[in-house]
Amino acid sequence: MGSILGLFFHSLGGFASGSFYIPYRKIQVWSWESAWLVGGVFSWLIVPIVAAWLTIPDFMGIIQSIDSDTFFWTFVFGLLWGIGGLTFGLAMRYLGMSLGMSIALSLCSIFGALVPPIYRELAGVEGDTISHIVGSTGGQVVLLGILVCVFGIFLCGKAGMMKENELSQEQKQETIKEFSLTKGLIVATISGLCSACFNFGIEAGKDMANAAVAKGCDPLFQNNVIFIVVLWGGFLTNFIYCMYLNFSNKTFGDYVNASAPLRMNYLFAAVAGTTWFLQFFFYGMGESKLGNGASSWILHMATIIMTSNFWGLYFKEWKGVSSTTMRTVIGGIVVILISVIIVGIGNSIH
């Protein structure tokens with residue numbers, strides 16, 4: 001039952017992450033950096049604190065009392081993850097939801113799933129190590145699921161390259177206004193490498209989760225206190241960059257621009273930010289059932305990729321491509337779905 005619930009929670013988190021960018025598409029007049037920052041205030045500051053307040057007794061006391069090393073590394077991984085989150089938004093801007101998420105999350109899934117058990121192996125930390133995963137039947141099935149997922153991501157990426165070759169720049173910009181394959185590939189790669197640091201931040205902040213449980217918190221929500229510190233680091237990175245863009249692009253006036261539908265812009269940004277945070281709210285619930293190992297991370301990444309590709313099809317990001325390209329992207333989505341099932345089976349055996 002725990003594995004089934006873990007799969008369900010990760011699916012909810014993946015759906016939230018794969019859908020969060022949709023409200024940003026509704027924001028008018030504002031520059032990208034202004035919309036991203038307003039949404040970030042909700043996703044990185046307001047909503048995480050509300051979630052912790054609702055689920056964890058004395059969460060600020062836990063943060064204040066934790067040792068400095070735990071706080072430092074949790075925050076630093078948040079800073080690094082913030083670079084990934086920032087470039088993740090840029091990947092959506094330049095590549096669209098389908099191709100952008102597929103490329104960024106391919107690297108993120110691999111690093112986020114495999115680096116923690118490798119780290120435990122080298123550092124002698126308690127938990128699933130890479131040798132334990134490789135040496136157990138369930139672990140081997142999980143690794144097979146990871147390989148299958150990577151193949152599915154490859155198919156989605158290949159479909160994106162086929163789209164690039166088949167459509168004119170004007171056709172591509174009908175659905176993605178600032179489409180740029182070169183810029184998109186660069187930021188998506190950076191995003192994939194840095195976004196995995198969120199998983200490392202959870203690992204570094206485990207003492208805070210344990211303290212929350214000791215204070216009577218439901219273990220299902222124990223990671224909410226970790227998220228606050230990780231997201232503080234992420235907010236700082238994104239805040240500095242967005243302020244830089246506001247300054248260089250002279251877009252500070254966006255926040256009070258009377259020619260923009262301010263009320264709706266703030267509402268859409270708030271919805272986007274809240275939806276974005278829900279991915280980790282549900283990830284934390286799933287992780288409490290499955291553990292912070294390869295299975296949790298790959299399930300989270302795979303459901304995000306599936307959701308984003310379905311939205312990409314819905315918003316006609318693949319409009320005008322050949323039937324071969326369409327079959328390729330659909331095949332990639334199906335393969336990723338199969339990988340989720342394989343990982344779920346492996347985790348239940350494990």
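Ile46, Val50, Trp53 and Leu54 together make a nonpolar surface patch of about 440 Å². Patches are made of residues with over 30% relative accessible area and no salt bridge, where like charges are joined within 9 Å and nonpolar side chains (Val, Leu, Ile, Met, Phe, Trp, Tyr) within 5 Å; a salt bridge is a side-chain nitrogen of Lys or Arg within 4 Å of a carboxyl oxygen of Asp or Glu. Accessible areas come from the Shrake-Rupley method with a 1.4 Å probe, and for residues only the protein chains shown count as cover. Helices (H or I, at least four residues) and strands (E, at least two) are DSSP runs, numbered from the N terminus.

The model is predicted, so local features need pLDDT of at least 70 and side-chain atom pairs count only at pLDDT 80 or more, while totals for chains, interfaces and linings use all residues. Residues are numbered from 1 along each chain as its sequence is written, and side-chain values use heavy atoms, with hydrogens and water left out.

A search of the whole structure finds 25 aromatic pairs, where rings of Phe, Tyr and Trp (its six-membered ring) pair if their centres lie within 6.5 Å, and planes under 30 degrees apart count as stacked, over 60 as edge-to-face and the rest as tilted. Two of these pairs involve tyrosine 24.

| Pair | Centre distance | Plane angle | Class |
|---|---|---|---|
| tyrosine 21 and tyrosine 24 | 5.3 Å | 50° | tilted |
| tyrosine 24 and tryptophan 36 | 5.5 Å | 35° | tilted |

The second pair links distant parts of the chain, since tyrosine 24 is in the loop between helix H1 (2-19) and helix H2 (32-55), whereas tryptophan 36 is in helix H2, 12 residues apart. Both tyrosine 24 and tryptophan 36 are buried, the former with a relative accessible area of 11%, and tyrosine 21 also counts as buried, at 10%.

The loop between H1 and H2 also holds valine 29, which has a positive phi of about 75° although it is not a glycine. Most residues other than glycine have a negative phi. Valine 29 counts as partly exposed at 48% relative accessibility. A positive phi, near 55°, is also found at lysine 250, placed in the loop between helix H11 (224-248) and helix H12 (262-290); lysine 250 is exposed, with a relative accessible area of 74%.

Helix H9 (residues 197-204) is largely enclosed by the rest of the structure, because seven of its eight residues are buried: Cys197, Phe198, Asn199, Phe200, Gly201, Ile202 and Glu203.

The structure holds zero disulfides, a disulfide being a pair of cysteine sulfur atoms within 2.5 Å. Cysteine 194 is in no disulfide, and its nearest cysteine sulfur, that of cysteine 197, is 5.9 Å away. Cysteine 194 is buried at 17% relative accessible area, and cysteine 242 counts as buried at 0%.

Leucine 299, in helix H13 (residues 294-314), counts as buried at 1% relative accessibility. The C-alpha atoms of leucine 299 and serine 339 are separated by 8.3 Å, although these residues are 40 apart along the chain.

Definitions and conventions:
Buried < 20%, exposed > 50% of the residue type's maximum accessible area, 1.4 Å probe, protein only.
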